[in-house]
Amino acid sequence: MELEVTWKRAAKVWWAYLWRNIIAIIVAMIIGGVIGFIIGFILAIVGVSSQTIQFITAPIGMIIGLLISIVPVKMILAKDYGEFRLVLLQTNPAEQSLNKEN
C-alpha cells in the first residue's frame, strides 16, 4: 500500500540520511586526510611543489568523498521507519512505456 508523502515522513527519511551522511563525511575526511598526507609526503620528498601536491590530492579527496557518499543512501533503503519503510519496486513494462511517452 502506497502512503502519502507528508512532511513528517519526509523529515524521518531526511534525518535518517542526514546523520548517516555526517558520519560518512567525517570518515571521508579522515581517509582523505591520511591518503593526502601520504601522497603529499612522498611527493614532497621527491621535490614536487606544494601547489602541485594540492592539485593532485584535491581531486583524490573529492573522489573519496563521492565514493563514500553512497553508503548513507544504501543504509536508509529498506530501513524500518515505524509506520513505513523505503523499498525499491520494479515498475512493470506498461508503466515504463507510459512514462516514456509522457
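Predicted model: local features only at pLDDT ≥ 70, side-chain atom pairs only at ≥ 80, totals over all residues.
Entry 1: I began with helix 1, which spans residues 7-46, and helix 2, which spans residues 50-68, and I looked up how their axes are placed. I noted that two packed helices are described by the angle between their axes and the distance between the axes. Here the axes come within 9 Å and cross at roughly 155°. Since angles over 145 degrees count as roughly antiparallel, helix 1 is therefore roughly antiparallel to helix 2. I also recorded that the crossing of helix 1 and helix 2 is right-handed.

**Entry 2: the residues between them.** Which residues of helix 1 meet helix 2? On the helix 1 side I listed Ala24, Val27, Ala28, Ile31, Gly32, Ile35, Gly36, Ile39, Gly40, Leu43 and Ala44, and on the helix 2 side Ile53, Ile56, Thr57, Ile60, Ile64, Gly65 and Ile68. Sorted by class, this contact of helix 1 with helix 2 has 13 nonpolar residues, 5 polar ones and no charged ones.

**Entry 3: Ile64.** Is Ile64 buried or exposed? Its relative accessibility is 12%, and because buried means under 20%, Ile64 counts as buried. From Ile64 to Pro93, which are 29 residues apart in sequence, the C-alpha to C-alpha distance is 37 Å.

**Entry 4: the core.** Next I looked up the largest nonpolar core, which has 5 residues in all: Val13, Ala16, Ile76, Tyr81 and Phe84. For Phe84, not counting residues up to four places away in sequence, I wrote down contacts with Leu3, Arg9, Lys12, Val13 and Lys79, and of these Val13 also belongs to the core.

**Entry 5: the loop between helix 3 and helix 4.** I turned to Arg85, which is found in the loop between helix 3 (70-76) and helix 4 (93-101). With 53% relative accessibility, Arg85 counts as exposed, because the cut-off for exposed is over 50%. Apart from neighbours within four places in sequence, Arg85 is in contact with Lys79 and Asp80. Its C-alpha atom and that of Gln54, 31 residues apart along the chain, are separated by 43 Å. Ala78 lies in the loop between helix 3 and helix 4 too, and I noted that Ala78 has a positive phi of about 70° although it is not a glycine.

Definitions and conventions. Residues numbered from 1 in each chain as written. Heavy atoms only, no water. Axes fitted to C-alpha atoms, helices over the stretch in contact; angles between N-to-C directions. Helix = DSSP H or I, 4+ residues; strand = E, 2+ residues; numbered from the N terminus. Parallel < 35°, antiparallel > 145°, perpendicular 65-115°, else oblique. Left-handed = near helix turned anticlockwise from the far one by under 90°. Contact = heavy atoms within 4.5 Å. Nonpolar A, V, L, I, M, F, W, Y, C, P; charged D, E, K, R; others polar. Core = buried A, V, L, I, M, F, W, Y, C linked by side-chain atoms within 4.5 Å. Buried < 20%, exposed > 50% of the residue type's maximum accessible area, 1.4 Å probe, protein only.
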